[in-house]
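Welcome, and thanks for taking a look at this one.

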Amino acid sequence: MKALFAQNQLDTQRPLATESVKRAVVSTARDSWEVYFSRLFPATGSVGTGVQILAVSHTGIKLLRMVKGSREAGGQLQVLRTYSFADILFVTIPSQNMLEFNLASEKVILFSARAHQVKTLVDDFILELKKDSDYVVAVRNFLPEDPALLAFHKGDIIHLQPLEPPRMGYSAGCVVRKKVVYLEELRRRGPDFGWRFGTIHGRVGRFPSELVQPAAAPDFLQLPAEPGRGRAAAVAAAVASTAAAREVGRRREGPPVRAGSPDRAEDGLTLPPYTMLEFAQKYFRDPRRRPQDGLRLKSKEGRESRTLEDMLCFTKTPLQESLIELSDSSLNKMATDMFLAVMRFMGDAPLKGQSELDVLYTLLKLCGDHEVMRDECYCQVVKQITDNTSTKQDSCQRGWRLLYIVAAYHSCSEVLQPHLVRFLQDVSRTPGLPFQGIAKACEQNVQKTLRFGGRVELPSSMELRAMLAGRSSKRQLFLLPGGLERHLKIKTCTVALDVVEEICAEMALTRPEAFSEYVIFVVTNRGQHVCPLSRCAYILDVASEMEQVDGGYMLWFRRVLWDQPLKFENELYVTMHYNQVLPDYLKGLFSSVPASRPSDQQLQQVSKLALLQHRAKDHSYLPSVREVQDYIPAQLYRTMAGSAWLNLVGQHRQQTQALSPHQARAQFLELQQRGRAGPLHPCRQPERPQLPQHRDPRPGAVSSGGCARGEPAQCPG
C-alpha cells in the first residue's frame, strides 16, 4: 500500500486523482489487509481454540481473537485460522446458535448468536463462486479398479476438463448396461448423463457426477497481489519465491518434475530427491553470488555442492541475510533476528538479559505472525544441528529440542515438508547416529501439526523446563463414568482424538466409526460448566488455558452417540457404559421404561434389571425394600407397593445368583439394548443423542450431556 501511495504521489493533503487509482487502492487493501474487508460476528469455538470473532469476507472465513497491541490502546485482531471458500463444502445449523462448517477434511464447530446471518452470508458467497467454476469437490471416495476411471478421495478438488475425443478420428465412450455409449452424444443430450471428466494430481479420467459437487476455484491457482501477503497459499507455501510457486503448481496439477533454479541449471548437478541439499539448491541464495558465513572456495570443481553443504552446516557467526532467497527483501532483517534467537536458545550467543522463554516466545511469535518465515526458521535450526561444532556441550541437544518445539506449533510449507521429513527420517533410522529418538519425535510433531494445525498456547515456563530436561510428556487424569480414572501420558502434540483412541483401544474398540461416538469434555466451576473439546484440540493447550481459569478443572470421557451396538466382552467397556447408562435409566429417560401402567412382561423386565443392579454391586443377599426402591425408576415404583416389587425381584434371584458383577452389568446393558430393538441411547431428543447424566463421587462433580459451550449443565437435585 505504501508503494502504491508513493507511486501515485498520494498523501493526506492530496486527494485521489483518478477513478483508476481509487480502484487500485481499494483492490490492494482488499487483497492485503486480512480483515479490513470482512464482516465480523461474535463467535466462540471449542475450549482451547481461543476464538472470539468470526470474520467473513469475499475470500473465505477467518477465526480471530483480540490481543493486546503495541500501539493500539484497545488491542488488535489476531488471525488464528483461515479457511477459503474452496475448503468449505457446506454450512449447517445443528442447533440454535451452533454453526457447523463441513470442510474437505474436518468439521469446524462455532457458537454464535448470529448463526443464521453467518450461514446466509457464507452460502451466498459460495453460491456465487461456484457459478462459473471449473472445479468440483469429492463428497465420497471413488477407488475403481479400471485405470481409465479417475480415482480420488473425499475432499479432493478435481479440475473439470472438456470431453474431447482422445485423438482425431476417435471417439470417447463407455459401456452402460452392456451397450457402448459415446460421451459426445451424452453431452449433447444432457449434462454428461451422470459422468464427468477431470484431472487431479496429474491424472485424468471419467468419474460419476453423483460423487462430487461444485466447488469454488482453489486458492493455489491465484497468486496474491503483493508477495508474502495473504495465506501465501500456495505461493509456495511460505517460501515466497517464484520457483517454489511453480513447484506447488506442478504438485497440485501435474506429475512431479524436477525444478532447479534457472541460474543453476547449467551446472547439471543431480542430487538425491527430497534431501535438504536438494532444497538448498533450489531455494537458497546462490552462494557464488552472495557468500554465506564468510566461506569462499577457490577451486571451481565441486564449488556448488560443497558451498551448499557449508550453507547447511553449523556456523558460529550470525547470518547477514536469510538462507532462503525470499522475494521480499524487507524480510531479511526478520530472518537475521530469527537466527540470532536460534543461536541464543542453543547457547551459542549471549542472552543479553533475556530468558530462554523470552527467546522462544520471540521465535514462535515471528513464525506465527509471518507465515512466510516458517520455512526459514526450520532451515536455520536444521543448519545449526547439522555437523554442530559448538564449544557449548549441550548446543546440539538444545537445537534438537528447539526443532521439536517449533514443529509442535507451526507447520512448514508443502515444498519443504518432504525434504524436512527425509532429513528427520535419515537421522532416526541410520544406526549409530545420535539424537535418533528426538528426531523421530520431531517427525511425529511435523505430521501432527500438518494434520491438526499446531499448538496455540505458548508453553509455560514449567513445560519449557521439562522439555529442556528431556521430559516431553506428563500424566493427565481423565474421568470415566462412575468415577473410573485413567492417567494417560500426554505428549506435546497429543490431541483429544488421541485420548479417545487410546481409551477406546483399552476397551477393545479399533474402528474409526467407534471413535466418533466418544468425546472428551472439559468441566469447570465445580461441574456447572461442561464443554466438549474439538477432536483437534491439543490437551496441553486446554490444560494451560483451564489452569488460568479454574485450577479445579476436570477432563471427562463420555459416549455421546449410540449408533454402534453394544459389546459385552471387555470389562472396562461394560463397566464404563453401565455407569453412564444407569443414571438415565433410573430417571426414566429410556424408551424401555413405559410411561403408563406397565404390562406384566415389563414388570418382569424392570424387576430383573433391579436385581442385576444389586448383583453388579457384588451383593448376593436379597435386597431390602429400600434398596429395591433405589433400583427402579420413580414413576414405575409408584405403580405398586414396595412389598409387591420385592416379591417380583425375588423371582429372579436364582437366575442371577451365579453371575459375577461384570456379567450382571453386561446382562443389564443387553436387556436395555434388546428392549430398544436397536442401538442404545436415551429417548430424549433421539435425533441428537445426548450425554447421559452421571454423578461423580467427587464433591460437586456432576456431568450432564448436551450442554452447549459456556452454558451451565442441569444438575440433578
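Predicted model: local features only at pLDDT ≥ 70, side-chain atom pairs only at ≥ 80, totals over all residues.

Helix 19 supplies the largest share of the lining of the largest cavity, namely three residues. The structure holds one cavity of 30 Å³ or more, and about 50 Å³ of space lies in the largest cavity.

**The cavity and its lining**
- Lining the largest cavity are L611, H614, R615, H619, S620, Y621, L622, R653, T656 and Q657.
- Two elements give two or more residues each to this lining: helix 19 (600-616) and helix 23 (653-656).

**A hairpin of two strands**
- Strand 15 covers residues 473-480 and strand 16 covers residues 484-491; the two pair in the antiparallel sense, over eight bridges.
- At one of the facing positions, L480 stands opposite L484 in strand 16.
- Three residues lie between strand 15 and strand 16 in this hairpin, and G482 in the turn has a positive phi of about 85°.

- Helix 11 spans residues 395-409, which gives 15 residues in the helix.
- From its first C-alpha to its last, helix 11 reaches 21 Å, close to the 21 Å expected at 1.5 Å a residue.
- Is helix 11 mostly covered or mostly exposed, and how many of its residues are buried? Helix 11 is mostly covered, with 14 of its 15 residues buried.

How values were computed. Residues numbered from 1 in each chain as written. Heavy atoms only, no water. Helix = DSSP H or I, 4+ residues; strand = E, 2+ residues; numbered from the N terminus. Expected span 1.5 Å × (residues − 1). Buried < 20%, exposed > 50% of the residue type's maximum accessible area, 1.4 Å probe, protein only. Pairing = 2+ DSSP bridges. 1 Å grid on protein atoms, 1.4 Å probe; cavity = no way out; pocket = protein on both sides within 12 Å on 5 of 7 lines; lining within 4 Å. Points joined across faces, edges and corners; volume = space filled by probe spheres on them.
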